[in-house]
Amino acid sequence: MEAKKILDAKGLACPMPIVKTKMAMNQLESGQVLEIHATDKGAKNDLAAWAKSGGHELMKHEAENDVLKFWIKKG
């Protein structure tokens, strides 16, 4: 999946992955994709809920070792 920007939120605890994601999303155009790497297990539910509430689309998420990866398309 082609991401316009990659956000490294590894090692950050809630709510920082969401805060950093919001800041990164503000720099993207509508339709562009942000790839987020996080290690906080709560990020899965938090990012899904945040994307939905903000009109964005959580396109994909996967776990690779201890890193959770998310792809969110800006609405």
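## Salt bridges

A salt bridge is taken here as a side-chain nitrogen of Lys or Arg within 4 Å of a carboxyl oxygen of Asp or Glu. The model is predicted, so local features need pLDDT of at least 70 and side-chain atom pairs count only at pLDDT 80 or more, while totals for chains, interfaces and linings use all residues. Residues are numbered from 1 along each chain as its sequence is written, and side-chain values use heavy atoms, with hydrogens and water left out.

The salt-bridge rule gives a count of three. Side chains of opposite charge can pair when their charged atoms come close. Lys10 pairs with Asp8, with 3.1 Å between the closest N and O atoms. Lys60 pairs with Glu62 at 3.5 Å, N to O, and Lys69 with Glu64 at 3.3 Å, N to O.

Accessibility is sorted into buried (under 20% relative accessible area), exposed (over 50%) and partly exposed (in between), using a 1.4 Å probe and protein chains only. Lys10 is partly exposed at 39%. In the second pair, Lys60 has a relative accessible area of 35% and Glu62 one of 29%, and they are partly exposed.

Helices (H or I, at least four residues) and strands (E, at least two) are DSSP runs numbered from the N terminus. E1 spans residues 5-9 and E2 residues 33-38. The two strands run parallel and are joined by five bridges; strands are said to pair if DSSP finds at least two bridges between them. Asp8 stands opposite His37 in E2, and Asp8 is also the salt-bridge partner of Lys10.

E1, H1 and E2 form a right-handed β-α-β unit. Right-handed means that, with the strands pointing away from the viewer, the path from the first strand over the helix to the second runs clockwise. Pro15 lies in the loop between E1 and H1. The peptide bond from Cys14 to Pro15 is cis, with omega near 10 degrees.

## Helix H1

H1 covers residues 16-25, and its buried residues are Pro17, Ile18, Thr21, Ala24 and Met25. Viewed down the axis of H1, these residues fall within an arc of 125 degrees, so they line one face of the helix. The arc is that of the directions from the helix axis to the C-beta atoms. An α-helix has 3.6 residues a turn, so residues three or four places apart point the same way.

The cover over the buried residues of H1 includes E1, E2, helix H2 (43-53) and strand E4 (67-73). Contact here means heavy atoms within 4.5 Å.

## Helix H2

In H2 the buried residues are Ala43, Leu47, Trp50 and Ala51. Down the axis of H2 they fall within an arc of 100 degrees, so they too line one face of their helix. Asn45, Lys52 and Ser53 are exposed on the other side of H2. The elements covering the buried residues of H2 include H1, E2, strand E3 (57-64) and E4.

Asp46 is in H2 and is partly exposed, with a relative accessible area of 27%. Leaving aside neighbours within four places in sequence, Asp46 is in contact with Cys14 and Ile18. Ile18 is one of the buried residues of H1. Asp46 and Met25 are 21 residues apart in sequence, and their C-alpha atoms are 15 Å apart in space.

Just after H2, Gly55 has a positive phi of about 80 degrees. His56 lies in the loop between H2 and E3 and counts as buried at 17% relative accessibility. A polar atom of the His56 side chain lies 2.9 Å from the backbone nitrogen of Gly75. The cut-off for such a polar contact is a pair of N or O atoms within 3.5 Å; within protein, one must be able to donate a hydrogen and the other to accept it, and residues adjacent in sequence count only if both atoms are side-chain atoms. Not counting residues up to four places away in sequence, His56 touches Met25, Trp50, Ala51, Ile72, Lys73, Lys74 and Gly75.

Asn65 is in the loop between E3 and E4. Asn65 is not a glycine, yet its phi is positive, at about 60 degrees. Most residues other than glycine have a negative phi, and most peptide bonds are trans. Asn65 counts as exposed, at 77% relative accessibility.
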